[in-house]
Amino acid sequence: MKIIKGLFLAVLFLGFASCDDDDDNDDMNEMMSYTAQLGGLNDSGVSGTATVTKNGNQLTVTVLAQGLEPNQAHPQHIHGLSNGEEATCPPASADADEDGIITIPEGAPFYGEVLLPLEGFPMADENGNISYEETFTLGENDVLTEAELADLDDRVIVLHGLNNDGEYVATIPVACGQLDEM
């Protein structure tokens, strides 16, 4: 009887331990995908799509855009508000000084701070197109952890770089799109 009772307790313990491990692995390996339709800012004419896929601690970002300044590097970032609210793309009324350009300080109240720079910033081809794909490991090499990045549904992707008065200014926002779960 002691042997049967001991076997029963061992099986019961292993069953609980294996359930915990399976649940943790399922959470870590769950794949989530988000997409954003990129719309132009500052009369840039830029459009495109961005896709973000999270698989465990891997975050793969793909950006396809057109209408950018040809043969120029275009910084791009995932932005978010630090107060936990949903980031949005700035409306035309964000141009507080009415100079015709929504600057970073004017757009930041809507889309927030840079959470993840999408480096190496892509160079637009001679037609103003970019095709970018990069995989980041969350929590490594100055990349936010999953908890710090939080809900990607509350984030936006912003592309930068516009000719202004004949001079290329890499910081001017040219496109924005809100991430939505697919």
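How many disulfides does the structure hold? It holds 1 disulfide, meaning a pair of cysteine sulfur atoms within 2.5 Å. Before the details, some ground rules. This is a predicted model: local features need pLDDT of at least 70, side-chain atom pairs count only at pLDDT 80 or more, and totals for chains, interfaces and linings use all residues. Residues are numbered from 1 along each chain as its sequence is written, and side-chain values use heavy atoms, with hydrogens and water left out.

Back to the disulfide. C89 is joined to C176, S to S 2.1 Å. The link is left-handed, with -85° about the S-S bond. The two cysteines sit 87 residues apart, C89 in the loop between β4 and α2 (104-111), C176 in strand β8 (residues 167-178). Helices (H or I, at least four residues) and strands (E, at least two) are DSSP runs, numbered from the N terminus. C89 is partly exposed at 24% relative accessibility; C176 is buried at 4%. Buried means under 20% relative accessible area, exposed over 50%, partly exposed in between (1.4 Å probe, protein chains only).

Next, E69. This residue lies in the loop between β3 (58-66) and β4 (76-80).

Last, the overall picture. The protein has 3 helices and 9 strands. Of its 182 residues, 37% count as buried.
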